[in-house]
Amino acid sequence: MKQITSLICKSTTSMLRLVLLGSLIVASPLFAQDSDHASHAAPAKLVQDVRQATRQFLDVNNAVQAGYGPAFGCVSGPDHGAMGIHYVNGTLVGDGLIDVKHPEALIYEPVGNKRRLVGVEYIVDAATWLKNNNNTPPSLDGQDFQFVAAPNRFNLADFFELHVWAWRDNPLGAFVDWNNQVTCERQ
C-alpha cells in the first residue's frame, strides 16, 4: 500500500510539472512584443528618449517633410550586418549641436519600396564641436560618441557620431554602429 501511495504521489508531481510547463509555453506568446519594431525588455533611458522624439518618423514621409533625405544608399558590411539607409538633415548636421530630440540622421531598413525606422545617428563636425566645447569629445546621456577621421567612406571631414538602435534590437548593444538584425537585402 505504501508503494502505491508513493507511486501516486510521484505521478501527481510529474503531471503537475507538465501542466505548469505547458502553461508557460502557452503563455509565452502573450509576453512577446511587436517584432516590426524593436522589442527592448528594459531599454536605456536614451533609447526611450529617442523613441519618444522620433515616433512621428515611423512614417518615412514625415521624415522627408521635416527636411530629412536619403544619403549614401543602404550601408552594409559583409561581416558586420548593416546600418540601413540614412535619411540626413543637413541643417542639423551643420548646426554644431547635439540634441536628443533632433537627431541628424534617421536610419531606415528597406523593405521593398517601404522604409522601416530602426534607429538614429547623432553627427557633429569634430573641429566645430571641440572648438566650442573646450576640446571635450561629445557624449549624450552618458554615451560617448565615436570619432570618425577623414578620409572616410562618406567623404566628410573628421566627425563624431553615435548610433542609437531605438526601433530595432541590436544583439551587440543599443549604441554599436553595426546591427546584425538589419539588412539591405530586402530592397
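**Exercise 1.** How many residues does the largest nonpolar core have, and which of them have the most contacts inside it?

*Before you start.* This is a predicted model, where local features need pLDDT of at least 70, side-chain atom pairs count only at pLDDT 80 or more, and totals for chains, interfaces and linings use all residues. Residues are numbered from 1 along each chain as its sequence is written, and side-chain values use heavy atoms, with hydrogens and water left out.

*Solution.* 
- Step 1: A nonpolar core is a set of buried (under 20% relative accessible area, 1.4 Å probe, protein chains only) Ala, Val, Leu, Ile, Met, Phe, Trp, Tyr and Cys residues joined through side-chain atoms within 4.5 Å.
- Step 2: The largest one has 45 residues, and Leu46, Val50, Leu106, Tyr108, Tyr122, Leu140 and Val164 have the most contacts inside it.
- Step 3: Elements giving two or more residues to this core include helix H2 (45-54) and strand S8 (159-164); helices (H or I, at least four residues) and strands (E, at least two) are DSSP runs, numbered from the N terminus.
- Step 4: S4 gives the most, with six residues.

**Exercise 2.** Find which residues Val50 touches, not counting residues up to four places away in sequence.

*Solution.* Look for contacts (heavy atoms within 4.5 Å).

**Exercise 3.** Locate the disulfide and work out its handedness.

*Solution.* 
- Step 1: Search for a pair of cysteine sulfur atoms within 2.5 Å. The structure holds one disulfide, joining Cys74 to Cys184 with an S to S distance of 1.9 Å.
- Step 2: Cys74 lies in strand S1 and Cys184 in the segment after S8, 110 residues apart.
- Step 3: The torsion about the S-S bond of Cys74 and Cys184 is about -80°, so the disulfide is left-handed.
- Step 4: Cys74 is buried at 18% relative accessible area, and Cys184 is buried at 10%.

Technical notes. Buried means under 20% relative accessible area, exposed over 50%, partly exposed in between (1.4 Å probe, protein chains only).
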